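Hi,

Here is the structure I promised to pass on.

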Number of protein chains: 2
Amino acid sequence: MVKYPSGSLAAFRKPIKKKENSTRRPYTHRKGVNFSDRGMTLEQQINESNKYYLTEGIAVVHKKPTPIQIVKVDYPKRSKAVIRKAYFRQASTTDYNGVYKGYYLDFEAKETRNKTNFPLKNFHEHQIFHLSACLKQKGICFTIIRFASLERYFVTPASFVINAWREKDKSSMTLKEIVDNSYEIKSGFRPTLPYLKAVDKFIADRER
Amino acid sequence: MVKYPSGSLAAFRKPIKKKENSTRRPYTHRKGVNFSDRGMTLEQQINESNKYYLTEGIAVVHKKPTPIQIVKVDYPKRSKAVIRKAYFRQASTTDYNGVYKGYYLDFEAKETRNKTNFPLKNFHEHQIFHLSACLKQKGICFTIIRFASLERYFVTPASFVINAWREKDKSSMTLKEIVDNSYEIKSGFRPTLPYLKAVDKFIADRER
C-alpha cells in the first residue's frame, strides 16, 4: 500500500512568527455595501476560490499562465533575468484545469455586460476544440459565465456551449437558454465563487 | 442525452490543398544511426508524444507555459503587441497535466547525465507540494526521468519520489531504486515516448 503524503505545505515550511503589538486600526465599512465580490474581476474571483479550495484540500485547480514567445533576455549582474523582447502566443487550451475527487476539471471563464444574451464570439475556436477533446476523454468540462450587470453567475456544461457555438446562424446564447441549461451559483465569501457545487451536480448527473 | 462532439478540428477547418509537383530531394541517411530520439530533449520528446496522443484522440496533455510577470508592453502601430519588460515567476505546479480516459494526469519531467543515481535537488518544493496535493485528489501523478547517458527512461510514481525527497539525509535516488519502483519505457517513433503504457499500468494497479 502506497502511503500518500498529506499534501500540506506545513511539513516543509518553517513556522512563521506572528507580529505582536499590531497597531492596525479596526476596520469599519458603510452599511448596505455588497462585499461578496468587492469589485473583483471574474478571474480574480475564480483565483481566490481556487486558492481557498487548495488551502482546504478540496481541489487543485490553477489558471494556466499566458503563453509567451521569448525573443530576448538580459541577465544583468547581481540581479534577476529580465525579458526584453517577447510576444504573446495563441493559447491551445482553456484557462483553467485541475483535479477534484479523481475527476479532471477543465473550464473557461467569460463575462459580459449584456443583460439578455451572451455573444458566442467570446469563445475562440481553440477553446471549443480543447473542450471537445477533453469531453471525449471524459473530463468534466464547463464554462463559468458572469452577467456583470445582473451580478449572476452560471456554470454551463461545455457540451451545451459547443453545440450552440457550432450552430449556423446562431450568434449568441440567450439568458433564458443559459438559465435552462446551467447551474446558477451566488458569489459569497469562502469561497468567493463556489463553482464546485455545480461540479458536484454534474458528477451526480453523470453517475445517475 | 447530451451528444458529445467528435473532438476533431477537421469539422472547423477548411481543407488544405496539397502542393503538387514537389521537387523535394529523396532523403537518405547513414546506416546504424539511432533515429528514435534524434537528439531531441526530453521536453521535445514529451511534446511530440502529446501531439501524437492529441491528434489520435488518445489523451489531452499539454505543457504549461512558463509563468511571466509582465511589466511593460508596447503596441506599435500596424503590428502586434511587444512585451518590453517582464520577469520570470516561480511556477506553482508541475509542467504537464491533462486527461486520459477520465483520469487526471499530472507529471514532471527531468533528465540527468549521471549514470548511477538521480539527485533529488532536481525536484523543487513547489513540485513536490503540487504532486502531493494532486495525489490527495486521486490524480495519477508521476515523473518521467531520463538517464541521458544510458538512454533509459523511467515513469516513476509520484508517491515514491515524494517519500524519497522527504527523507532526511537522502540526496539522491539510486538507479536501482528507480528501476525497482518504476515502469521503464523505450523511446520510439509514434509516439516518441509512450508514457501512457506506464499510466495504463498505474490504472490497473490502482483498480486491482
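Below is what turned up, starting with how the two chains meet.

Some ground rules before that: this is a predicted model, so local features need pLDDT of at least 70 and side-chain atom pairs count only at pLDDT 80 or more, while totals for chains, interfaces and linings use all residues. Residues are numbered from 1 along each chain as its sequence is written, chains are lettered from A and ligands numbered from 1 in the order in which they are written, and side-chain values use heavy atoms, with hydrogens and water left out.

**Where the chains meet**

On the chain A side, 58 residues are in contact with 58 residues of chain B (contact means heavy atoms within 4.5 Å). The area buried between the two chains is about 5200 Å², and carbon and sulfur atoms give 66% of that. Buried area here is the accessible area, taken with a 1.4 Å probe, that two parts lose on being put together, summed over both.

How many salt bridges are there between chain A and chain B? The count is zero, where a salt bridge would be a side-chain nitrogen of Lys or Arg within 4 Å of a carboxyl oxygen of Asp or Glu. Polar contacts do turn up between the chains: eleven residue pairs, both residues at pLDDT 80 or more. (A polar contact is a pair of N or O atoms within 3.5 Å; within protein, one must be able to donate a hydrogen and the other to accept it, and residues adjacent in sequence count only if both atoms are side-chain atoms.)

The elements of chain A that give two or more residues to the side touching chain B are strands S1 (60-63), S2 (68-74), S3 (82-88) and S4 (96-100), plus helices H2 (125-136) and H3 (158-166). Helices (H or I, at least four residues) and strands (E, at least two) are DSSP runs, numbered from the N terminus. H2(A) gives the largest share of that side, nine residues. By type, the residues on that side are 30 nonpolar, 17 polar and eleven charged.

**A sheet built from both chains**

Take a look at S3(A) and S3(B): three bridges join them, and they run antiparallel. (Two strands pair if DSSP finds at least two bridges between them.) Ala86(A) stands opposite Ile83(B), Val82(A) has Tyr87(B) as its bridge partner, and Ile83(A) has Ala86(B).

These strands belong to an open sheet of four with antiparallel pairing, in the order S2(A)-S3(A)-S3(B)-S2(B). S2(A) and S2(B) are the edge strands, each pairing on one side only. From one strand to the next the twist averages 30° (axes are lines fitted to C-alpha atoms, for helices over the stretch in contact, and angles run from 0 to 180 degrees between N-to-C directions). Within chain A, six bridges join S2(A) to S3(A), again antiparallel; one of the pairs is Ile68(A) with Phe88(A).

**The six-stranded sheet of chain A**

Chain A also has an open sheet of six strands with mixed pairing, ordered S1-S4-S5-S7-S8-S10. S1 and S10 stand at its edges with a single partner strand each, so one side of each is left without a neighbour in the sheet. Five bridges join S4(A) to S5(A), which run antiparallel, and Gly98(A) stands opposite Leu105(A) there. H2(A) packs on this sheet, touching S5 and S7 of chain A, and its direction makes about 155° with that of S5(A). H5(A) lies across S4, S5, S7, S8 and S10 of chain A, at about 140° to S7(A).

Most residues other than glycine have a negative phi, and most peptide bonds are trans. Here are some exceptions:

- The bond from Arg190(A) to Pro191(A) is cis, with omega near 0°; Pro191(A) lies in the loop between S10 and H5 of chain A.
- Arg190(B) and Pro191(B) are joined by a cis peptide bond too.
- Lys101(A) has a positive phi near 50° and lies in the loop between S4 and S5 of chain A.
- Arg78(B), in the loop between S2 and S3 of chain B, has a positive phi of about 55°.

Cheers

Conventions: Nonpolar A, V, L, I, M, F, W, Y, C, P; charged D, E, K, R; others polar.
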